[in-house]
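Q: I am new to this structure and would like to learn how to read it. Could you take me through its features in turn?

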Amino acid sequence: MKKGFLGLVFVLTNVFVSGQQTITALRTEEKILIDGEISETSWGKAIPIQDFVQFKPHPGNSSSQQTEVRVMYDDQALYVSAICYDNPEHVSKILSQRDDFNANVDNFQIILDTYNDDQNGFSFGVSSMGVQFDSKVTAVSESVEVNMVWSSAVIRNEKGYQVEMRIPYSALRFPKKDIQTWGVNFYRQISRQREESVWNPVKPDFDNWLAQCGDLLGIENIEPPLRLAFIPYISGYADHYPLNQAGTSNWTRSLNGGMDIKYGINEAFTLDMTLVPDFGQVVFDNNILNLSPYEIQFNENRQFFTEGTELFNKSGLFYSRRIGIQSPYEVLKTNLSPDEVLANSPGAAQLYNATKVSGRTKSGLGIGIFNGITAEQKGMAYNLDSGMEREIVVSPLTNYNVFVLDQTLKNNSSITLTNTNVMREGHFYDANVTGLNTKFNSKNNTYYISGRTTYSAKLFGTGNQDGYNAGIGLGKQTGNLVYNAGYFLESNTYDPNDLGFNANNNKRNLSASISYRIFKPFWKINQASFSASLSYERLYAPNVYTGTYLSVNMFNNNRKFHASGISINSGLTKCYDYFEPRVAGRYFVGPTWLDFAPWISTNYQKRLALDLGGSFSFIGREDWKNYSWNFSPRIRLSPKIFLIYNYEETLTLSEQGYAVAFGSPSYTTGNIVFGSRDRRNITNTINLLYTITNQMGVTFRLRHYRSIVSYHKFYDLQDDGTLLENGMTGLNDQGVLVYNTNYNAFTIDFVYRWVFRPGSEINVVWKNAIFTSDDAIKAAYLLNINGLFKNDPLNSLSVKVIYWLDYQSLRFKNNKKV
């Protein structure tokens with residue numbers, strides 16, 4: 001379980017809030033050597049703070065171990081020292097990956113709100129084994145993807161362990177003024193006791209813990225530095241693609257180079273630019289067999305698009321994978337004739353460059369500008385009648401732009417305007433989306449009212465297609481009891497998917513939820529919660545009923561830190577599904593259903609922990625059944641080696657749905673064909689982490705996904721949404737049932753990473769993949785694996801070197817030489 005400070009705050013237990021505390025930083029002229037010794041004379045002059053309070057497991061109590069913190073500064077950096085008193089035999093010896101402070105890791109962190117605006121901050125942390133953690137924090141989120149350049153050292157001694165940090169001003173943003181007042185908090189985790197404590201108390205039921213920092217005083221007469229860094233890279237690849245075409249080699253080699261640039265336009269705004277980036281080492285997606293009418297949303301794994309994008313993602317209109325990876329099908333099919341389909345899925349388009357500018361003014365106005373350009377991309381069109389193929393442009397030269405204005409208001413309220421724009425070369429259509437989001441909190445942040453509205457437009461040469469959505473919500477958001485209600489509608493022509501993601505439009509939803517949370521330990525329970533939500537749903541056009549759904553969730557974490565819970569979900573009435581038939585105006589009447597999903601998660605502090613869960617459904621059709629289960633042991637093999645195995649299986653029997661064919665049947669009725677099918681999905685995943693040192697590690701991830709689909713009846717969809725058996729066999733001319741499939745996705749990601757200096761690293765990556773689809777639906781698991789490995793895999797071996805060149809460091813070194 002990855003835990004940054006913000007992640008922990010969301011599960012805080014009850015804390016008693018005292019007055020805001022202060023700590024004064026000492027200016028030093030002494031050279032501070034970052035070695036963990038805390039031996040310089042200046043440290044003895046700095047005023048320490050010591051009083052930490054728990055928020056887990058005994059909220060409001062004093063921490064079981066003393067922590068002594070001092071802060072100093074000079075013209076270049078902020079210095080932090082901490083003596084974490086403890087029995088040295090009990091201090092955790094676990095080595096973790098960078099930015100992964102899990103339940104087994106003792107660590108210390110400082111949280112800085114340099115503008116003291118309760119909206120934007122930074123977190124810097126070090127584990128007892130010297131592993132670094134850093135993140136960028138906002139009032140509502142935390143991003144651990146950011147990797148800032150700073151230095152730290154840890155020593156272990158008879159006191160416990162000692163931390164020393166140097167945070168250069170180039171890693172921060174702060175206002176240009178003579179006297180600084182920064183928000184600050186300090187955090188410590190004692191893993192063996194699952195104890196987490198802070199210096200300035202934080203309320204468990206108030207998400208914005210930046211608003212609950214103490215004050216860091218005493219910093220005067222420092223200048224925001226010129227923040228300028230160049231991060232060039234060079235990479236080499238040897239790739240094996242199983243083309244198996246005469247005259248074409250299956251092996252390719254390439255040498256690439258490019259650069260990222262980070263520039264502080266002023267003390268508040270930063271420009272990030274990537275020129276000719278290389279994303280070839282990004283991990284594989286978790287591919288699945290999709291039989292639904294909806295597009296699949298995948299995680300973004302490209303660092304440039306995960307780092308520093310909080311402002312762009314606030315309104316939910318920016319899905320960065322649209323840039324170069326996941327173009328909408330409406331774009332891909334532009335040059336297809338009616339009798340053609342794409343012969344294969346196109347790969348990623350080359351990203352020429354991308355630029356981000358973001359920051360926040362003194363008045364609290366956040367401004368974000370993003371722009372990216374991708375190259376033209378070609379693919380092959382296959383003619384269903386002639387069997388011929390031809391090359392077509394599937395995505396032209398394209399410019400993507402995002403513009404955000406986010407004004408913070410009193411009581412952590414805000415109003416946000418977001419615009420996304422896509423411009424394509426030639427006869428391809430353009431697109432524009434504008435959204436307005438608001439949230440207004442009461443004086444004590446107990447109650448809120450929020451609203452949103454979005455307008456989308458597709459700009460064709462022959463005219464435009466526009467649509468909109470709008471919603472309002474209100475509720476109580478702090479305290480043990482919280483609740484909310486809301487109404488949301490979305491037109492059937494609303495489409496933000498050229499630079500956003502929306503699985504489906506055409507909806508009217510009325511919803512309400514209530515939750516009771518217990519933060520204070522009682523009986524044998526540390527924490528517990530109960531929540532319930534109800535949703536009444538209709539189409540936007542036509543305005544017809546589609547379903548009513550209930551969800552109930554219960555959770556508890558006991559005194560031995562074992563967690564358990566259950567989710568109960570239900571379709572209370574028959575549902576009227578207007579999306580499954582894939583034809584406008586037609587619908588399928590689905591049965592009522594009730595699903596139970598219990599789970600347990602044992603204490604992650606133990607060498608062996610276990611996550612176990614399952615679900616079973618009662619469906620209002622006798623033969624339609626659904627089951628799932630998952631099993632995931634987590635084994636700490638040594639302080640350096642951590643293994644997680646995960647097994648997931650879902651089994652659906654006699655499910656009724658749109659019949660997706662994987663070939664051409666010899667006979668169809670010409671109507672909308674549904675089928676009764678059995679489906680079994682099995683996923684095996686192995687994650688192995690070997691942390692060699694606090695700067696070097698290896699990760700290995702193996703995933704095998706198998707989906708077996710077997711049809712046994714076919715139906716015509718009737719006008720009233722019911723099904724009538726039609727006598728189809730689903731066979732092609734060769735006697736093969738083309739609706740059945742056995743789909744496999746096998747991937748390996750092996751990464752060796754060495755951070756040889758702050759911000760600079762060497763990555764060696766091996767990637768292996770096999771994707772197959774056949775009709776071996778009855779093959780046993782091991783026989784299926786054997787058949788899978790008879791296919792020629794994709795293999796990629798690459799080396800990438802990244803080097804951080806910081807202008808301030810270079811200038812300082814040159815001045816010393818002079």
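Q: Which strand pairs with β11 in the antiparallel sense over seven bridges?
A: Strand β10 (residues 151–157) does; this is a predicted model, and in it β10 and β11 pair in the antiparallel sense over seven bridges. The two strands form a hairpin, with two residues between them. To see the pairing residue by residue, find S152, which stands opposite M165 in β11.

Q: Over how many bridges do strand β5 and β11 pair?
A: Strand β5 (residues 77–85) and β11 pair over nine bridges, in the antiparallel sense.

Q: Which residues form a nonpolar patch on the surface?
A: The patch is formed by L409, I415, L417, L436, F440, I449, I472, L474, Y487, L510 and Y536, which together have about 890 Å² of accessible area. At least two of its residues come from each of β24 (414–424), β25 (430–441) and β27 (463–476). Take I415 as a case: its place is in strand β24. With a relative accessible area of 31%, I415 is partly exposed.

Q: Now for charged side chains: how many salt bridges are there?
A: Look for a side-chain nitrogen of Lys or Arg within 4 Å of a carboxyl oxygen of Asp or Glu. By this rule the count comes to 27 salt bridges. One of them joins the side chains of E307 and K262, at 2.8 Å from N to O. This pair links distant parts of the chain, 45 residues apart: E307 is in the loop between α3 (303–306) and α4 (310–313), while K262 is in strand β16 (residues 251–264).

Q: Are E307 and K262 buried or partly exposed?
A: E307 counts as buried because its relative accessibility is 11%. K262, at 22%, counts as partly exposed.

Q: Where do D498 and K458 lie in the chain?
A: First, the contact: D498 forms a salt bridge with K458, and their closest N and O atoms are 2.7 Å apart. D498 sits in the loop between β28 (481–490) and β29 (507–518) and K458 in strand β26 (residues 447–460), so the pair links distant parts of the chain, 40 residues apart. D498 counts as buried at 3% relative accessibility, and K458 counts as buried at 2%.

Q: Which residue forms a salt bridge with E649?
A: That is R680, with the closest N and O atoms 2.5 Å apart. E649 belongs to strand β38 (residues 641–658) and R680 to strand β39 (residues 673–693), 31 residues apart. E649 is buried, with a relative accessible area of 5%, whereas R680 counts as partly exposed at 35%. Elsewhere, salt bridges that share partners join E330, R424, K458, D495 and D498 into one network.

Notes. Residues numbered from 1 in each chain as written. Predicted model: local features only at pLDDT ≥ 70, side-chain atom pairs only at ≥ 80, totals over all residues. Heavy atoms only, no water. Helix = DSSP H or I, 4+ residues; strand = E, 2+ residues; numbered from the N terminus. Buried < 20%, exposed > 50% of the residue type's maximum accessible area, 1.4 Å probe, protein only. Pairing = 2+ DSSP bridges. Patch = residues over 30% accessible without salt bridge, like charges linked within 9 Å, V, L, I, M, F, W, Y side chains within 5 Å. Areas by Shrake-Rupley, 256 points an atom, 1.4 Å probe, with all protein chains shown as cover.
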